[in-house]
Amino acid sequence: MSRAKICDTADKAVAGIEDDSTVLIGGFGLAGMPFDLIDALICQGAKDLTIVSNNAGNGQVGLAALLKTGRVRKVICSFPRQSDSYVFDELYRSGSIEVEVVPQGTLAERIRAAGAGIGAFFCPTTVGTPLAKGKETRAIDGRDHVLEYPLKGDVALISAHRADEMGNLVYRKTARNFGPVMATAATTTIVQVAEVVPTGGLDPEAVVTPSIYIDRVVQVEARHYLVQGAR
């Protein structure tokens, strides 16, 4: 029976993340972003990272703070630019970071495919656009589709609302976003939660991510950010 390791601190939770790792980071903008795990990764010092996330950072907190360290080589995301993505903008314009843009649904499905053991899949989303350049195309039921491959992580950093001592997870509203699929698609999945309850303290019908996918859990205090990512 799976049992996640309950860590005392976020620093202990991210220990051992290596240089050149592909790191899946949950969050939709600031919603559901694992701020404490990202801050701990910054302190930990791993470099030449490939980050997979929905966005490329907001303001100067969370993922943006990680990008600002210069230790991220590439970002794979759906929305790299927005009103407060100035950290990423500066890095990209200076040639200091690579970016691979993936439509949001395709991003989620590529991550899900990695967790489900699917070798590849055909999707019509990018047909006829620069995002399909160099990819295999096949007509299926009279419509062109592009071949897409799974997107697997060495590590996933996600945020959930509660965990039990085994590592079963429940989420809170939109903060759930990419957490469940990312948890399945990484070699090591690390989660920060607002509360750890005894095993049996979660309604089993409410558990979204079962403990089999979770390796480390750390309890942290919730953070609240204002507009532009200011605390």
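Helices here are DSSP runs of H or I with at least four residues, strands are DSSP runs of E with at least two, and both are numbered from the N terminus. The model in these views is a predicted one.

**Figure 1. Strands 4 and 5 pair side by side in the parallel sense.** Let's start with two strands. Strand 4 covers residues 72–77, strand 5 covers residues 98–101, and four bridges link the two. To get from strand 4 to strand 5, the chain passes through helix 4 (residues 86–93), making a right-handed β-α-β crossover.

**Figure 2. Phenylalanine 88 and tyrosine 92 form a stacked aromatic pair.** The structure holds one aromatic pair. Its ring centres, in phenylalanine 88 and tyrosine 92, are 5.7 Å apart, and the ring planes meet at 15 degrees; planes under 30 degrees apart count as stacked, so this pair is stacked. Both residues belong to helix 4, where being four residues apart separates them by about one helical turn.

**Figure 3. A salt bridge joins arginine 73 and glutamate 98.** Side chains of opposite charge can pair when their charged atoms come close. In this view, the N to O distance between the side chains of arginine 73 and glutamate 98 is 3.4 Å. Arginine 73 sits in strand 4 and glutamate 98 in strand 5, so their pairing ties together parts that are 25 residues apart in sequence. Arginine 73 is partly exposed, with a relative accessible area of 38%, and glutamate 98 is partly exposed too, at 40%.

**Figure 4. Aspartate 8 meets lysine 12 in a salt bridge.** How many salt bridges does a search of the whole structure find? It finds ten, and this one has an N to O distance of 3.3 Å. Aspartate 8 is exposed, with a relative accessible area of 62%, while lysine 12 is partly exposed at 48%.

**Figure 5. Lysine 135 forms a salt bridge with glutamate 148.** The closest N and O atoms of this pair are 3.1 Å apart. Lysine 135 lies in the loop between strand 6 (121–123) and strand 7 (137–140), and glutamate 148 lies in strand 8 (residues 143–148), so the pair ties together parts that are 13 residues apart in sequence. Lysine 135 is partly exposed, at 31% relative accessibility, but glutamate 148 is buried, at 3%. Elsewhere, salt bridges with shared partners join Lys74, Glu100 and Arg110 into one network.

Methods
Residues are numbered from 1 along each chain as its sequence is written. This is a predicted model: local features need pLDDT of at least 70, side-chain atom pairs count only at pLDDT 80 or more; totals for chains, interfaces and linings use all residues. Side-chain values use heavy atoms; hydrogens and water are left out. Two strands pair if DSSP finds at least two bridges between them. A crossover is right-handed if, with the strands pointing away from the viewer, the path from the first strand over the helix to the second runs clockwise. Rings of Phe, Tyr and Trp (its six-membered ring) pair if their centres lie within 6.5 Å; planes under 30 degrees apart count as stacked, over 60 as edge-to-face and the rest as tilted. A salt bridge is a side-chain nitrogen of Lys or Arg within 4 Å of a carboxyl oxygen of Asp or Glu. Buried means under 20% relative accessible area, exposed over 50%, partly exposed in between (1.4 Å probe, protein chains only).
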